[in-house]
Amino acid sequence: MLAKGLCDSNSINWWRALAVGFMSIGSSGGRRRLGEALREFNFLKLKHGLELPSAVALVFFHKSAERVDHEELDILWKLVAKENERASGASLLLSAQFHLYSGIHAGDRDLACEQFELSRSLIRKVVQADQSTLSAIQKQARVLWAWVEILPLADSWQERGLEALRHIDGAAGGSTSNADTLAWDLEGLLVRARYYELVKQHARALDCLNQAVALRSWEPALLEKTKLLISQGDWDQAADTTQRILQQNERSMDGLRLNVLIHMVQKTDGQATEERLLLMIKSMERYEGSNAALFFNTAQTLSRLSSRKAEIVKLTIGLCKKAIELEPCAAAYLVELAREKVMLYDYEGAMQTYRKAGRSDESHIPALYGTIYIHIMLGELDDAEQQLDFLEAISESIEQSSQLPYLKALLAWRHRRDAAEHVRFLQQAEQTHLKFLDKQSTPKIFTRFAKLDPDFLIALSEEYLLHVQFVDLTTSSQSSSINQNSAVRHGIDILTRVSEELPGHVGAHLLLGRAQLALGELNAATVTVSTALDCDSRSASGHLLSSQLALAKSNHRAAAIALDQAAACDFEIRRTPAYALVKAKLCSFKGDPGEALKILQDAMQFPGLRDERATGTLIAVPVVERVAVFVELAEVLSELSRVEEAANVLAEAQERFQGTSEEIRILMSSSMLAIKRDEFETALHMLDAVPHSSPVYSHVQEFKANLHLSIRHDKHSFVQCYRDLVDLSKNAHSYERLGAAYLHIQAPEPAVAAYEQAHRLNPEDSSLAMKIGHALVSTHDYLKATDYYVTALQAHADNIGLRHDLARLFMKLEKYGNATQVLLYALEPVGLSSEVNKIAQDVQSLLLLAQVYACADRGTKDIFEDGMFVAEHSVSGALLKARDLQRIVLEKVQSALESTEIICKEKRIMAEICCKLATCYLNEGKMDDKAMAAYEEALKADNVRETPPLDWIKSCLRRPMKAACCKSLDFG
C-alpha cells in the first residue's frame with residue numbers, strides 16, 4: 001500500500017475501485033464498468049479517512065462519464081471543499097496520489113496539468129502543516145512531491161528534476177525502525193533512479209536501484225532494474241534479475257512479460273520462447289482477463305520481435321483477438337490484427353480485417369494504409385495508386401507517418417520501376433520513423449520496442465537492398481564496389497542497428513550477411529554469418545548462406561559441408577533457388593555439368609522464379625536469386641556446347657528483368673556468350689547499347705574494359721573506357737578508377753596524375769594519399785615519393801597506413817634512423833589505448849620497427865650517427881613489446897566473442913611474433929631456453945604449426961634439448 005496507515009479492507013476496496021475506474025475510462029468497451037466504480041466510491045466516502053479521497057475520485061470519474069450529472073458534481077465539489085478543511089495528513093496524501101494517477105491517465109494535456117497541480121497543492125498543505133520535525137507523513141509527502149515533479153511528461157521536467165531531488169533530500173533521515181518508513185525510503189530511491197535515468201546518468205540510476213534491492217528484495221525495484229539493464233543492452237543481467245522476480249512472485253505480470261521479451265530479443269530457441277509465451281498468456285487470461293489494453297500492447301510488441309516466426313505470430317494473434325473480444329469496436333486493435341495476419345502472409349484475411357477496421361472508424365488512417373499495402377502485395381497496383389492519391393490529397397490534415405512515403409516507395413518501384421523515386425521515398429520513410437523514435441523518451445520497455453518496430457525496419461532495408469548491383473567476385477576488377485550505391489548502405493545501416501538492438505534476431509543478421517556477400521565484403525559477411533549461427537546453430541538459412549560465402553572464397557569443400565548441414569536442418573530448403581545454385585556450382589566444379597543442368601532445370605520450375613509472385617507463393621523470391629538461376633543455367637548450357645539454348649535462356653531473362661539492378665548481370669553473360677561464339681564485336685555492341693543515363697552504365701564500362709584487356713589485350717581501349725567514365729562525371733571516384741586502371745597496365749606516371757586529381761576533389765580521403773604514394777614508388781622516383789609521404793602525413797597524421805608506407809620506403813633507401821623516427825612517433829605513447837584496433841596497429845608498428853632494427857644490424861656502414869639506436873632499441877625488445885600487446889588483443893577479441901575467423905587471425909599473428917622472437921634469440925646466441933619458450937608459445941597460439949627456424953632445430957639437436965625438439969617436430 002502506498003497510503004500508509006490505511007491498510008484495512010475499506011482502503012483495499014478504494015484501490016480496487018480506482019483500478020476499475022481507470023480501466024473504464026481507458027477503453028471504449030470498459031465504460032460499462034464506470035458505474036461499478038462510482039457506486040463503490042459513493043459507499044467509501046462515508047468511511048473514516050476515505051471521505052476526501054473518495055470525493056475527489058467521484059468528481060474525476062463523473063466528469064469522465066459520457067453523460068455528466070452536473071447536479072451531482074456540484075454536491076461533490078461542496079463535499080471536497082468541506083473535507084479538504086478537516087482531512088488528516090494521510091487522507092490528504094491519498095487524495096494527492098489520486099490526482100497524480102489521474103494526471104498520468106488523462107488523455108488531455110490540460111486536464112493532466114490540472115491534476116498534477118491539484119496533487120501539488122495537497123502535498124504542499126501537508127508539508128507546511130508542521131515543518132519542525134520530519135514525521136513519517138512528512139517523509140511520505142516529500143517523496144510523493146518528488147514523484148509529482150518527475151512523472152509528468154511535461155516540457156519542463158528537466159527544470160523540475162533538481163526540485164524533485166531536493167524533496168527527496170528533505171525526506172531523507174529520520175527513523176528507519178518501522179516498515180512504513182523503510183517503504184518510503186525505497187520509494188525515494190526509485191525517484192532518484194528515475195531522475196538519473198531521465199538525465200542519462202544510468203550508472204547512478206543503477207546504483208540507486210541496487211541500494212533499494214539491498215534494503216529489501218522489492219519487486220518494483222527489481223522490475224525497474226531489469227528495464228534499465230535492458231535499455232543498456234545488458235541482457236544477461238536483465239535475464240537474471242527477471243528470474244529473481246519470478247522466484248519471488250511467479251504471478252508477476254511485468255516479470256512474465258519481460259521474461260518473454262528478453263528471451264525473444266536475446267535467444268533464438270523457438271520452443272523455449274513459445275513455452276514462456278504460453279505461460280504468460282495463461283497468467284494474463286486468469287488475472288488480467290478484462291484488460292484489453294494489456295492484451296493489445298503485449299501482442300503489438302511481441303509480434304514486432306517475432307522475426308515473423310509462424311508459431312509466435314499465431315500466439316500474438318490470439319492475444320489480439322482477446323483484446324478485440326473485449327472491445328469489438330476498437331479500430332486500432334483490428335488494424336493490429338490485420339498487421340499480424342500480414343506477417344503470416346495471409347493477405348486476403350488481412351484485407352478483410354483492415355476493411356472491418358475502416359468500417360468501425362472511418363477516420364482511422366492506419367486502416368487505409370494497410371488496405372493500400374495489401375493492394376500492392378496482391379499486385380492490384382492501379383487500385384493502390386488511386387487510394388494513395390486520395391491519402392496524399394488529405395496528407396496535410398493527418399498526422400505525419402512513415403507509412404505514407406513507404407507506400408509511395410513500394411508503388412514507385414513496383415508500378416513504374418522508378419529507382420530514383422523508390423530510394424527517395426524510402427529515405428523519407430526512414431527519416432520520419434527515426435525522427436519519431438528520437439522524440440520518444442518513455443522508459444516503458446514494451447512501448448520502446450513497439451515504436452522501434454524492427455519488422456518495419458527490416459522491410460525498409462529489404463527495399464533498399466533491391467538496388468544491390470551485381471559484383472562479380474570471380475573477376476579482379478580494380479574498382480569493383482569501391483563506391484556502392486548509397487541506397488544499399490542505408491539498408492546495411494538499418495540492419496546493423498536492428499542487429500545491435502536485437503542481438504538474437506537471426507533474420508536481421510542473415511539479411512545483413514547476404515547484403516555484405518552481394519557487395520563482395522567477404523570478411524564482414526563471414527563475421528555476420530558466424531554471429532547468426534552462434535545465435536541459432538539449427539538455422540538452415542544460416543548454413544546455406546555460409547555455403548554461398550565459402551563458394552565465393554573458392555572453398556568448395558567447406559561449401560559442400562555447409563550445404564549438407566542446411567539440408568539436415570530443414571529438408572525443405574532444397575526447394576529454394578539459392579540451394580539449387582550452390583548445388584549446381586559444386587557439380588560443375590566436380591566436372592559434372594549434366595547433373596548441374598538437371599538441378600537448374602528443376603529450379604526453373606520453382607514457384608515465383610519466372611514470375612515475381614506465382615499463384616500460391618507467399619514470399620517473393622529475391623530478384624538476385626531469380627536472375628542467378630537464369631545466368632547459371634545459360635553458363636552450364638554453354639559449357640555443354642548448347643549455345644543456342646543458352647542464348648534463349650538469356651533472352652528470356654533479359655525480357656523478364658529489364659530495368660532491375662540485375663540487368664547488368666544478364667548483359668554480361670550475353671556478351672560472354674557472344675564472345676564464346678567468336679562474335680567479339682557483337683558483344684561490344686550489346687554493351688555499347690547501354691545509355692549513359694542507366695544506373696549500371698559504369699559497371700558496363702568496367703566490364704567492357706576488362707574484355708578489351710583480357711580478350712584483345714588492347715591497353716588503349718581498356719583505359720579509354722575509364723576515360724569515358726571521367727568525361728561523363730568528373731568526380732573523385734571516376735579519377736580513382738582511372739588511376740587504378742593505369743596501375744593495372746603498369747603505367748604509374750598517368751596513374752599518379754589521376755590519383756592526384758581525385759585527391760584534389762576529395763582531400764579528406766586518406767586512402768587516396770596512400771595510392772598516390774604507392775604509384776610514386778612504382779615510378780622509382782623515391783625522392784618525390786618521400787616528399788609526398790611527408791606532406792601527406794601532415795594532413796593525415798593519424799593514418800597508420802601512410803606512416804608504415806613511409807617507414808618501408810626509408811628502409812628501402814637504407815635510412816633506418818628516419819624509419820625508426822616515423823614508427824616511434826606512431827607508438828607514442830605505446831600500449832595506453834584500450835581500443836583493440838589501436839593496440840593491433842601498435843603491434844604492426846612494433847613488428848615493422850623490429851624489421852628496421854634487424855636490417856640496421858645487418859648493415860655494413862655506420863647508420864647510428866644520429867644517436868637514435870641505444871641498448872633498449874633491439875629487435876628482441878620490439879618483438880617482446882609486440883608480443884605483450886598481441887596478448888591483450890587476443891584476450892579482448894576472445895572476451896568480446898568475436899568470430900572464429902577473427903580469433904584465428906589474431907592467433908596467427910601471435911604465432912608469427914613468437915617465431916620471430918625465437919629466431920632473434922637464436923641469432924643473439926646462448927638463449928636456447930628463451931627460444932624454446934617462444935616457439936612453444938607460438939605452438940600454443942596457433943595449432944597449425946609453422947615450420948620452425950632451421951637454425952633453431954640445429955641448435956636443439958646440438959644441445960640437451962634434443963628430446964623436446966623431436967617432440968615438437970613429432971619425430972618420436
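Is R86 buried or exposed? At 55% relative accessibility, R86 is classed as exposed, where exposed denotes a relative accessible area over 50%, buried under 20%, and partly exposed in between (1.4 Å probe, protein chains only). The structure is a predicted model, in which local features need pLDDT of at least 70 and side-chain atom pairs count only at pLDDT 80 or more, whereas totals for chains, interfaces and linings use all residues. Residues are numbered from 1 along each chain as its sequence is written, and side-chain values use heavy atoms, with hydrogens and water left out.

The side chain of R86 forms a salt bridge with that of E83, with an N to O distance of 2.7 Å; a salt bridge is defined as a side-chain nitrogen of Lys or Arg within 4 Å of a carboxyl oxygen of Asp or Glu. By this rule, 38 salt bridges are counted. E83 and R86 are separated by about one helical turn, because they are 3 residues apart in helix α4 (residues 70–86). Helices are DSSP runs of H or I with at least four residues, numbered from the N terminus. In contrast to the exposed R86, E83 is buried, at 5% relative accessibility.

A second salt bridge pairs E336 with R304, the closest N and O atoms being 2.7 Å apart. E336 belongs to helix α17 (residues 331–343) and R304 to helix α15 (residues 292–304), so the pair ties together parts that are 32 residues apart in sequence. E336 is buried, with a relative accessible area of 4%, and R304 is likewise buried, at 5% relative accessibility.

A further salt bridge joins the side chains of K771 and E736 (2.5 Å, N to O). This pair links distant parts of the chain, with K771 in helix α40 (residues 766–778) and E736 in helix α38 (residues 732–744), 35 residues apart. K771 is partly exposed, with a relative accessible area of 27%, whereas E736 is buried at 8% relative accessibility. Elsewhere, salt bridges that share partners join R304, R308, E336, R339, D453 and D455 into one network.

H505 is located in the loop between α25 (486–501) and α26 (506–518). This residue counts as buried, at 6% relative accessibility. Apart from its neighbours within four places in sequence, H505 is in contact with V265, S307 and I458, contact meaning heavy atoms within 4.5 Å.

Key
Helices (H or I, at least four residues) and strands (E, at least two) are DSSP runs, numbered from the N terminus.
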